[in-house]
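This report walks through one predicted protein model, from a single residue out to the whole fold. Please look at the sequence and the structure first.

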Amino acid sequence: TEVAGEVVPLAHAEGVSVQLCVTSFDDSVMSSVLPDPELRAITINEIVGLVDGYDADGVNIDFEGMNVDLKHDFTAFIQELSLRVDELTLALPAIDWNGAYDYDELAAASDGLFIMGYGYHWTGGNPGPVAPLYGGEPWSDYSLEWTVDDYLRWGATADKIILGLPLYGNEWPTISDAVPGTATGDGWSVIMSSADAIADEEGSFWDETSLTSYILRDDTQLWYDDTDGVRYRIQWAVDQ
């Protein structure tokens, strides 16, 4: 909300709708609010007040790392919120490790499920494709294709799926240029334009399995989606 007062009028002048984003990555907060009908109602009133106060078009809910025992409470919260705002979308994980999100019920109650299609290899793990389009050796089966199939398998409808793609990559310190590699510490994010500049100067490689570019340096590996990689992913989404 710090910039909403400026951003919303600018976006509306260009015919672009704006949703405020409500985030929670705190188990204690989610465990306190979601099971309690009164606290859910208070939270919804606060959200509606912000949406109306900033003349926004709706809201995006981004509750991450949620415990599975909150599954039905979160669905109830979304169903209740959907009655109060014009536009409601949800930011949901590429892989629901906890089985905490009820895809079919959430799709029915919202205007869209925004899949955060990235982080398949994250900065705290070993190097590899951040958003692999396809899985398979030498990587796991988890990929954008697997994720979308998983959402559809569990009841999300294709018209409600929004595929979010990263315009960044991750660079990891490594012990060698072997692929798959082993990280010697936490990685860091590199935006696509910066990665492209490095590739122009140093050269890059192409992983045929995941359709991802990568750069091998003396003691790091940088994996990212370049323009071609993003184009493949967009075309694949359109084909679906």
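## Thr 75 and helix 4

Thr 75 has its place in helix 4; helices (H or I, at least four residues) and strands (E, at least two) are DSSP runs, numbered from the N terminus. The model is predicted, so local features need pLDDT of at least 70 and side-chain atom pairs count only at pLDDT 80 or more, while totals for chains, interfaces and linings use all residues. Residues are numbered from 1 along each chain as its sequence is written, and side-chain values use heavy atoms, with hydrogens and water left out.

With a relative accessible area of 7%, Thr 75 is buried. Buried means under 20% relative accessible area, exposed over 50%, and partly exposed in between (1.4 Å probe, protein chains only). Leaving aside residues up to four places away in sequence, Thr 75 touches Asp 102, Glu 105 and Leu 106; a contact means heavy atoms within 4.5 Å.

Helix 4 covers residues 71–82, and its 12 residues should span 16 Å at 1.5 Å a residue; the end C-alpha atoms are 17 Å apart, which agrees. The expected span is 1.5 Å times one less than the number of residues. The buried residues of this helix are Phe 74, Thr 75, Ala 76, Phe 77, Ile 78 and Leu 81. Their cover includes helix 3 (37–53), strand 2 (58–63), strand 3 (87–93) and helix 5 (103–109).

## Aromatic pairs

Rings of Phe, Tyr and Trp (its six-membered ring) pair if their centres lie within 6.5 Å; planes under 30 degrees apart count as stacked, over 60 as edge-to-face and the rest as tilted. By this rule there are 11 aromatic pairs. One of them joins Phe 74 and Tyr 101, and it is edge-to-face because the planes stand at 85°, with the ring centres 5.8 Å apart. Phe 74 lies in helix 4 and Tyr 101 in the loop between strand 3 and helix 5, so the pair ties together parts that are 27 residues apart in sequence.

Tyr 118 and Tyr 168 form another edge-to-face pair, at 6.2 Å centre to centre and 70° between the planes. Tyr 118 lies in the loop between strand 4 (112–116) and helix 6 (144–153), and Tyr 168 in strand 6 (residues 168–173), so this pair ties together parts 50 residues apart in sequence.

| Residue | Relative accessibility | Class |
|---|---|---|
| Phe 74 | 1% | buried |
| Tyr 101 | 6% | buried |
| Tyr 118 | 27% | partly exposed |
| Tyr 168 | 21% | partly exposed |

Ring pairs also link Phe 63, Phe 74, Phe 77 and Tyr 101 into a cluster.

Five strands form an open sheet in the order 1-2-3-4-5, with parallel pairing; two strands pair if DSSP finds at least two bridges between them. Strand 1 (19–24) and strand 5 (161–164) stand at the edges with a single partner strand each, so one side of each has no neighbour in the sheet. Strand 4 and strand 5 run parallel and are joined by four bridges. Leu 113 has Ile 161 in strand 5 as its bridge partner.

## The whole protein

The protein has eight helices and 10 strands. Its C-alpha trace spans about 55 × 40 × 35 Å along the principal axes. Of the 240 residues, 44% are buried. Among contacts between residues at least 6 apart in sequence, 65% join residues at least 24 apart.
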